[in-house]
Amino acid sequence: MTNPSLLILAGDGIGPEVMAEVRKVIDWYGAKRDLTFDVSEDLVGGCAYDAHGTPLTDETMAKAQAADAVLLGAVGGPAYDNLDFSLKPERGLLRLRKEMDLYANLRPAQCFDALADFSSLKADVVGGLDIMIVRELTSGVYFGEPRGIHKEGNERVGINTQRYTESEIARVARSAFELARKRNNKVCSMEKANVMESGVLWRDVVTEIHAAEYPDVELSHMYADAGAMQLTRWPKQFDVIVTDNLFGDLLSDLAAMLTGSLGMLPSASLGAPTANGRPKALYEPVHGSAPDITGQGKANPIACILSFAMALRYSFDKGDEATRLEQAVEAVLADGLRTADLIGEEGRAPVSTSEMGAAIIAKLDASL
Ligand code: NAD
Ligand code: IPM
Ligand code: MN
């Protein structure tokens, strides 16, 4: 049997730093659990622009389409801020999501007990938190036409269009309902049906899919602005949240701070099941390239490591091994190890990116 293939696109900024720790974890699974991947590496984002003049080459795109799973670090950085829009690092990531048709972006926000005191919210508000944001990822205002900057008379106009078809809403709603059935059976759908027609359609379609296919799941609806407020007021009221591309982007960064740091949040971007029964998939931390800490050994690798745990679960049917890795992370945090992002004003000395990676490997060893 051939080994499953993994394409690693470490990207820019802290991407390669956190991905180096994921490589240690991948190697550990090969050496200790007989779980070997065919790993290849390629470029995306600013580094691809530097090498090839484009944030994603057609060759890399084809490799991503062929891989069993793609792991991505982060893209972007100030050096690329003034590039033509079509050449920006972020366009490489958006092309991957669109062409692989990765419409369901799973962004779990879990507050590990050891970090409950570190959140900017009170420990009893976030302690034990375990929610799943399902963000629509291939449509909405990120991709809608018309778009662009035009001249109207003597001033410029910037245009983006929020556009959703019924089938786009229906498929991501199904993803959310399916996940809820494996969790606490509750979905809250967020849009702004009070001001946006696309929100009215979103609410209608989610309601129809629920009634026809998932009446056993508890469904509620919230305006996304109120949802943001409720996420900070009492986040434990939620189980699965399903929302559009832009609201999901904002709400998942907000949810990150419930868990202590943006450096903690993993994600899985999944498409429809392919012929082998598994979805096309890309796994990446929710955070970006963190230019302010790049090259200093300060980056928290946990979001990227937990993204690999999601790959074990959703692409390779290794839920037990995913749990092993998640428990190793939890054990390291329980021991008090913290990268700089998880330390307050009067905190203890932080560990570096590679020390955090090594400590997680030691916990994996201890789990055998
Ligand atoms: P960012 O997520 O890169 O950083 C926000 C803040 O969080 C910074 O202070 C950073 O130091 C901190 N942070 C982020 N990840 C961390 C980690 N793992 N450990 C410790 N601290 C961490 O967001 P930004 O500064 O708004 O964006 C920087 C660049 O990244 C931009 O070019 C943006 O487009 C890009 N970006 C890329 C992705 C992605 O590749 N998926 C996601 C978000 C932003
Ligand atoms: C994310 C990022 C991306 C997004 C950017 C880098 C394209 O913020 O993955 O959350 O807006 O989707
Ligand atoms: Mn984002």
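## Around ligand 1

The residues of the shell around ligand 1 divide into 11 nonpolar, seven polar and four charged, where Ala, Val, Leu, Ile, Met, Phe, Trp, Tyr, Cys and Pro count as nonpolar, Asp, Glu, Lys and Arg as charged, and the others, Gly among them, as polar. Of these 22 residues, the ones that come nearest to ligand 1 are Gly76, Gly263, His287, Gly288 and Asn300; a residue is taken as near a molecule if its C-beta atom, placed from the backbone, lies within 6 Å of it.

This is a predicted model, in which local features need pLDDT of at least 70 and side-chain atom pairs count only at pLDDT 80 or more, while totals for chains, interfaces and linings use all residues. Residues are numbered from 1 along each chain as its sequence is written, and chains are lettered from A and ligands numbered from 1 in the order in which they are written.

## Around ligand 2

Gly76, Glu90, Leu93, Leu94, Asp249, Val286 and Gly288 surround ligand 2, and by class they are three nonpolar, two polar and two charged residues. Helix 4 (residues 89-99) gives the most to this shell, with three residues; helices here are DSSP runs (H or I, at least four residues), numbered from the N terminus.

## Two domains

The chain is divided into domain 1 (1-103 + 266-368) and domain 2 (130-258), with bounds that come from an automatic or database domain assignment. The centres of the two domains, taken over C-alpha atoms, are separated by 25 Å.

Eight residues of domain 1 are in contact with 11 residues of domain 2, contact being defined as C-beta atoms, placed from the backbone, that lie within 7 Å. On the side of domain 1 that touches domain 2, the largest share, three residues, comes from helix 4, and by class this side has four nonpolar, one polar and three charged residues.

## Helix 6 against helix 7

Helix 6 (residues 166-182) and helix 7 (residues 197-213) pack at an angle of about 50°, with their axes 9 Å apart; axes are lines fitted to C-alpha atoms, for helices over the stretch in contact, and angles run from 0 to 180 degrees between N-to-C directions. The two helices are therefore oblique to each other, since angles under 35 degrees count as roughly parallel, over 145 as roughly antiparallel, 65 to 115 as roughly perpendicular and the rest as oblique.

In helix 6, Glu166, Ile169, Ala170, Ala173, Arg174 and Phe177 meet Leu201, Trp202, Val205, Val206, Ile209 and His210 of helix 7. By class, this contact has nine nonpolar, one polar and two charged residues.

How values were computed
Contact = placed C-beta atoms within 7 Å.
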